[in-house]
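Subject: Structure handover

Hello,

Here is the structure I promised you. Please open it and keep it beside this email while you read.

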Amino acid sequence: AAYKDWDSKWVRQQATKQVQRAKTLILEEGWGALPSKKTIAIPEELGRFLYACRQPGPEGSRGKPDYECLLAILGGRRDLDPQEADRQDLLEFEALVAQVNRPQQEAAERRRLAQASQQLKEALASKDRGQLRAALLHAEEVGLPANGPVELARTRLQDEEARDLARHALEEAVASAEHRRICSALREAELAGLSKEEMADARRVLDDTDDFG
């Protein structure tokens, strides 16, 4: 605590008198009158506010401060009613808080994007389709740019889905033993990038149908 025995009424009274004397000294002789070796930078508005506090209030106010005058000195607007003034204060406060928090929010956003990008690269390297799909979904949710790893992941998943469809069509064509259908399925399989091993059974069946024909 700044003062020992602050619970003592006498201590509080002495501290109050000390502050009052310091304020009076500032008003009468300026800030340089304070016993401080450091240069004190006081906002101009605060200085005018303190001087205004020492002036008598409007006639009939019985010594009460002219709050409208003090408000104007500190940058307030006299034309606003109390509710509107409170609303303006809240808006300004929210803007200041947002300004203070913006660097932290931007840093957190960069970390999220970096983590999502790393997870996506690891999923691409793993060749695990489930892991890749989950990593891509997360990357899209956090707003990772659509180029680079995101584009590569989308292309790979699309290619995998196309190969799945080609495998299924090839299996059905082989089961049907229809020459034309097998030929069509083989063309689709080649376009989808199926390996020769995956198309081997279909080619054997196709050869058999040719021999039979």
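Start with one pair. Glu84 forms a salt bridge with Arg87, and their closest N and O atoms are 3.0 Å apart. A salt bridge here is a side-chain nitrogen of Lys or Arg within 4 Å of a carboxyl oxygen of Asp or Glu. Side chains of opposite charge can pair when their charged atoms come close.

A word on the source. This is a predicted model, in which local features need pLDDT of at least 70 and side-chain atom pairs count only at pLDDT 80 or more, while totals for chains, interfaces and linings use all residues. Residues are numbered from 1 along each chain as its sequence is written, and side-chain values use heavy atoms, with hydrogens and water left out.

Back to the pair. Both Glu84 and Arg87 sit in helix H4, three residues apart, or about one turn of the helix. Helices (H or I, at least four residues) are DSSP runs, numbered from the N terminus. Glu84 is partly exposed, at 23% relative accessible area. Arg87 is partly exposed too, at 44%. Buried means under 20% relative accessible area, exposed over 50%, and partly exposed in between (1.4 Å probe, protein chains only).

How many salt bridges are there by this rule? The count is 11.

- Arg129 pairs with Glu160, with the closest N and O atoms 3.2 Å apart. Arg129 lies in helix H5 (residues 129-142) and Glu160 in helix H6 (residues 149-176), so the pair ties together parts 31 residues apart in sequence.
- Glu190 meets Arg203 at 2.5 Å, N to O. This pair links helix H7 (residues 179-192) to helix H8 (residues 196-212), with the two residues 13 apart.

Arg129 and Glu160 also belong to a network of salt bridges, together with Arg163, Asp164, Arg167 and Glu198.

Now the largest pocket. Its volume is about 190 Å³. A pocket is an open set of points on a 1 Å grid over the protein atoms alone, where a 1.4 Å probe fits, with protein on both sides within 12 Å along at least five of seven lines; lining residues have an atom within 4 Å of a point. The volume is the space filled by probe spheres set on the points, which are joined across faces, edges and corners.

Which helix gives the most to the lining? Helix H4 (residues 82-126) does, with four residues. The residues that line the pocket include Leu71, Arg77, Ala85 and Glu92.

Best wishes
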